[in-house]
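Subject: Structure handover and charge pairs

Hello,

Here is the structure we talked about, for your files. My notes on the fold and on the charged side chains follow below.

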Amino acid sequence: MAGEPQDDCLFCKIVAGHVPATIVQETDTTIAFRDINPQAPTHVLVIPKAHYENAAALAAAEPVLAADVLREAQSVADEEKLDSYRVVFNTGPGAGQTVFHAHAHVLGGRGLQWPPG
């Protein structure tokens, strides 16, 4: 069920403390941790603690929680002292989503070209 922890979800396991992660900040509704396969000098994932399959599902069901994720992305960028950064939400396997729990990638610390990928 949407919003409920999923037994087979890696990010739900991180939220529950069952899988270790390098946590950089945490709020009542979100958790931010370093990506294990960074694509930039700063690569932090910001996730809602509640499980939603992707950003679209999160925004439709809980827009305030989606805003929390974006607010924390900004907070991560501030803490990491990033002048420029990118926030990416991958939705679906064709876009590169590999963990089906909504999450924002905060990328910075190097030039990021456009268009990506």
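Read along the sequence, the order of elements is α-β-β-β-α-α-β-β, which amounts to three helices and five strands. The radius of gyration is 13 Å, close to the 13 Å that the globule rule gives for 117 residues, so the protein is as compact as a globular protein of that length. Please keep in mind that this is a predicted model.

Some overall values next. Taken along the principal axes, the C-alpha atoms fill a box of roughly 40 × 30 × 25 Å. Of the 117 residues, 40% count as buried. The accessible surface comes to about 6800 Å², and carbon and sulfur atoms account for 53% of that surface. Among contacts with a separation of 6 or more, 52% are made by residues 24 or more positions apart.

Now the charges. Side chains of opposite charge can pair when their charged atoms come close. How many salt bridges does a search of the whole structure find? The search returns three, taken one by one here.

1. Lys-49 and Glu-26. Their side chains meet in a salt bridge, at 2.8 Å from N to O. Lys-49 sits in the loop between strand S3 (42-48) and helix H2 (55-61), while Glu-26 belongs to strand S1 (residues 23-26), so this pair ties together parts that are 23 residues apart in sequence. Lys-49 is partly exposed at 26% relative accessibility, and Glu-26 is also partly exposed, with a relative accessible area of 47%.

2. Arg-34 and Glu-80. The salt bridge between these side chains is 2.7 Å from N to O. Because Arg-34 lies in strand S2 (residues 30-34) and Glu-80 in the loop between H3 and strand S4 (85-88), the pair ties together parts that are 46 residues apart in sequence. Arg-34 is partly exposed, with a relative accessible area of 32%. Glu-80 is partly exposed as well, at 25%.

3. Asp-68 and Arg-71. The closest N and O atoms of this salt bridge are 2.4 Å apart. The two residues are three apart in helix H3, and about one helical turn separates them. Asp-68 is buried, with a relative accessible area of 13%, whereas Arg-71 is partly exposed at 48%.

Glu-72 is in helix H3 (residues 63-79). What is the nearest side chain of opposite charge to Glu-72, and how far away is that side chain? The nearest one is Arg-71, at 5.1 Å. Arg-71 does have a salt bridge, with Asp-68. Leaving aside residues up to four places away in sequence, Glu-72 touches Gln-25, Thr-27, Thr-30 and Val-46.

Regards

Notes:
Residues numbered from 1 in each chain as written. Predicted model: local features only at pLDDT ≥ 70, side-chain atom pairs only at ≥ 80, totals over all residues. Heavy atoms only, no water. Helix = DSSP H or I, 4+ residues; strand = E, 2+ residues; numbered from the N terminus. Buried < 20%, exposed > 50% of the residue type's maximum accessible area, 1.4 Å probe, protein only. Lys, Arg positive; Asp, Glu negative; His and termini not counted. Salt bridge = Lys/Arg side-chain N within 4 Å of Asp/Glu carboxyl O. Contact = heavy atoms within 4.5 Å. Rg over C-alpha atoms; globule rule 2.2 N^0.38 Å. Areas by Shrake-Rupley, 256 points an atom, 1.4 Å probe, with all protein chains shown as cover.
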